[in-house]
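Hi everyone, thanks for coming. I'd like to walk you through one protein model today, so please have a look at it while I talk.

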Amino acid sequence: MSTDVAPEFLETSDGVRFRDLNGNGTMEPYEDPRLPVSERVEDLVGRLSLEEKAGLMFISIVSVPESGRLGEEVHREGRAGVSEAVGKKFVNHLNFHYLPGPSLAAQWVNELQRLAIESSPHGIPVTLFTDPRHSFVENWGASFTAEYFSAWPEPLGLAAIRDEELVREFASIARAEYTAIGIRGAMHPTIDLATEPRWARQYSTFGQDKDLVARLATAYLDGFEGEQLGSESVECMAKHFPGGGPQLDGEDPHFPYGREQVYPGGMFDYHLEPFKRVIERGVSCIMPYYGMPIGLVLDGEPIEEVGFGFNRQIITGLLREKLGFDGVVCTDWSLITESRLNGKQLPPRAWGVEHLTVEERVLKVIEAGCDQFGGEECPEVIVELVRKGLVPEERIDASVRRLLTVKFDLGLFDNPYVDVDAAVERTGRPEYIAAGERAQARSVTVLKNAVVGDASVLPLRPGTRVYSGQMDPSAVAEAGLEPVDRPEDADVAIVRIAAPYEPRDDYMLEASFHAGSLEFDRETIDKVRRLAESAPVVLVPHLDRPAILTPLEPHCAAIAAVYGASDAAILQAFTGVVPPEGRLPFQLPRSVAAVVASRPDVPGDTEDAFYECGFGLDL
C-alpha cells in the first residue's frame, strides 16, 4: 500500500498500535483505538482550544488542482486558501468541487491530511465531502458529472425503476468509489418531494411520492453508511429539511427571487415524511433548506418567517425535540456571507434576516440548533461570540461532540489516508460501469409506442435504419442498427431533447439552474413536425424536471423519457437488450395554465395531466 505521507504507528509497551496525532510520543485516551468512541470524544473535547472547536463547525469549498499538489488550488474570491483555512483556522471539513483523476485526487487528499494533522495541536483529520457526482448533470451548486466514476441515472431515474435493491447497489458502488480517493461525506440524498413542476432541483430527488422517496432513501443510506458508520462508510447528509420542493412559483431559494416556501394545500406533513423515516432508520447528518416558510402554522403556532437554517422552531422544536434527531445539523451553503465566482456575485442566503450583521446571523444559526456552517470559513466569529458571553462554550461543545463522533466513527483518527496506487483500480471498474449503464437503460420510461404499418415502433428490430442528429452513429451501429445521414432514408428518426427552461445568468450559479417555463418553443415544435414528415419520430426527452409534451406528442410515433442516459443505454432499451421498466416519478402537466393553477406543496396537482405519476409502458 502506498499512502506516501502516512505517519508511522507507535506501539505502547503492552503492544497497542496507535497513531501519535499530537506528536508527544504517548497514547492519549482519544488516540486509543480500544476505547469506546464516546470516551475518545469526551477526552478530546476537554483538550481542544476554543479556536479548534470553532474550526470544526465549518465546511469550506475546495477544487483540487490539476497537478494534485497541495498549495496550487485556485480558491474562491474573498475566501482563504486551503492551507490557511485548514492550517490556521483549523477548518477540517471540506467540500470538493473539481477533482482531477483518481490518483492525483488521492495524492492531494493525503497531503491535505498531513497538513491538517501537523497543523492542529491535536492532529484532527479532515472529513472530505462531495455533492452527487455519479450521473450527468453538471451544476456547481448541486451536482457534478461522473467523469472517472461509474455513471448512473439521476435519482429521478432510480425512482423510475422503483427498485430498493438497485438503490442499495448504486450506493454501495458509489461508496467504494468515494472512499478510494478519500471522500468520506456525501451531501446527499436529496429527499425533497418534486411537487412543484417548475422547481429546478427535481432531478436530484426521488420524485413526488412520499412513500417511494422514503423507501429509496433508506436503501440509499444502507449502501453508503451501512448498519452503522465504520472505516469503510461514507456519512450521508439528508436534505433539505423539512422538505424543499413547495417553492413559490417554482423558483429556487438559492436566489433572492425564490426565497419563499409555501403550503397552500396544507401538505407540510407530507413533505416531512421521508425525513421521519430516515431519522427512524438512522442518518448521520441533516441539512435544512434555504427557503423561508410563509404563513406556516404548526400545532397552532405561527412559524417565524426566516430561512430554515435560522429557524429555532424548525431545527430545535421540530427536528431535535419532536423527531428526536441528535446527529449533526449542517446549514446549506453560504447563509452568512456573500459568494463570488468568475465575476458573478450571490448574496448570503439569509432569507428573512438580511438586516442582521454577520455576527448576528451566526448567533441566530447557533441558537436555532445547527452544528455546522456550510460553505463558510469564519470560525473567528464564533470565538468572538463566546468571548463576548453571547454563546456559552458548553453550547459549542455540544456541536463539537456531534461532529467529532462522526469523525471517530468513520475511523479517520485511526487512519485518514488512502492508497494512491489503488485509487485508479478502485474507481470506474468495468463491473461498476456496466451496472450503471444497465440502470440507465432500465430507467427509460416509454410513454407512447404507436403502431406503424403492422408493428409498434419499439422495440427496434435488427438492421432498422436510424437517423439521429444527436446520437453517436457508432453507438447506433454497435446496437445492431444502421445509422443513416438523411431522415428520408430512415425507418425511424430518434430525437434526443432536453426539457425546456429559461436561461438566466445574473447571479453566480444561476446559469446552471434550469428554471422557469416548461413549454417548448415554436422552433423546436416545428423541427419535430417537419422531421415526422420524413420518418416516424421517436422522441427522447431528458426530464430533469417535467416538460409539457402536449404540442410535440401528435408528431411522435413513440416517446421515451430518460433521466440521465447514454446513447448506448437508450439503444439497449430500444432494442430490448435491457428491457425498459421506467415509470414516471412525477406528473407531466398538460399546459402552462395547469402548472400556474396548481398548488406547490401538493403532489400531482395539475388538472387533466398529460401523463400521471407512475405511468409507463412495457415493450
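**A walk through the model**

Let me begin out on the surface, with Asp-299: its relative accessible area is 71%, which is over the 50% cut-off, so this residue counts as exposed. Before I go further, please keep in mind that this is a predicted model. Asp-299 sits in the loop between β11 (297-298) and β12 (301-302). Its phi is positive, about 50°, although Asp-299 is not a glycine.

Arg-162 is another non-glycine residue with a positive phi, in this case about 65°. You'll find Arg-162 in the loop between α5 (155-161) and α6. Is Arg-162 buried, exposed or partly exposed? With a relative accessible area of 34%, Arg-162 is partly exposed. Why point these out? Because most residues other than glycine have a negative phi, and most peptide bonds are trans.

His-188 and Pro-189 are joined by a cis bond, with omega at about 15°. Pro-189 is placed in the loop between β6 (185-186) and α7. There is also a cis bond from Lys-239 to His-240, where omega is near 5°. His-240 belongs to strand β7.

Now let's step back to the whole chain. How many helices and strands does the protein chain have? There are 18 helices and 24 strands. The radius of gyration is 25 Å, close to the 25 Å that the globule rule gives for 619 residues, so the chain is as compact as a globular protein of that length. Taken along the principal axes, the C-alpha atoms fill a box of roughly 85 × 60 × 45 Å.

What share of the 619 residues counts as buried? The figure is 62%. If you take contacts between residues at least 6 apart in sequence, 74% of them join residues at least 24 apart. The accessible surface comes to about 22,100 Å², and carbon and sulfur atoms account for 48% of that. As for charge, the chain carries 58 positive and 99 negative side chains, yet the centres of the two sets lie 1 Å apart.

Let's finish with the aromatics. Searching the whole structure turns up 21 aromatic pairs. One of them is Tyr-178 with Phe-224, a tilted pair at 5.8 Å centre to centre, with 40° between the planes. This pair links distant parts of the chain: Tyr-178 is in helix α6 (residues 164-180) and Phe-224 is in helix α7 (residues 210-225), 46 residues apart. Tyr-178 is buried, at 0% relative accessible area, and Phe-224 is buried too, also at 0%.

Next, look at Phe-255 and Phe-513. Their ring centres are 5.2 Å apart and their planes meet at 90°, so this pair is edge-to-face. Phe-255 lies in the loop between β7 (235-241) and β8 (260-262), and Phe-513 in the loop between β22 (492-498) and α16 (522-532), so the pair ties together parts that are 258 residues apart in sequence. Phe-255 counts as buried at 2% relative accessibility, and Phe-513 does at 4%.

Last one: which residues form one aromatic cluster? They are Tyr-148, Phe-149, Trp-152, Phe-170, Tyr-178, Phe-206, Tyr-220 and Phe-224.

Terms used: Residues are numbered from 1 along each chain as its sequence is written. This is a predicted model: local features need pLDDT of at least 70, side-chain atom pairs count only at pLDDT 80 or more; totals for chains, interfaces and linings use all residues. Side-chain values use heavy atoms; hydrogens and water are left out. Helices (H or I, at least four residues) and strands (E, at least two) are DSSP runs, numbered from the N terminus. The radius of gyration is taken over C-alpha atoms; the globule rule is 2.2 Å times the number of residues to the power 0.38. Buried means under 20% relative accessible area, exposed over 50%, partly exposed in between (1.4 Å probe, protein chains only). Contact means heavy atoms within 4.5 Å. Accessible areas come from the Shrake-Rupley method with a 1.4 Å probe; for residues, only the protein chains shown count as cover. Lys and Arg count as positive and Asp and Glu as negative; His and the chain ends are not counted. The place of a charge is taken as NZ of Lys, CZ of Arg, CG of Asp or CD of Glu. Rings of Phe, Tyr and Trp (its six-membered ring) pair if their centres lie within 6.5 Å; planes under 30 degrees apart count as stacked, over 60 as edge-to-face and the rest as tilted.
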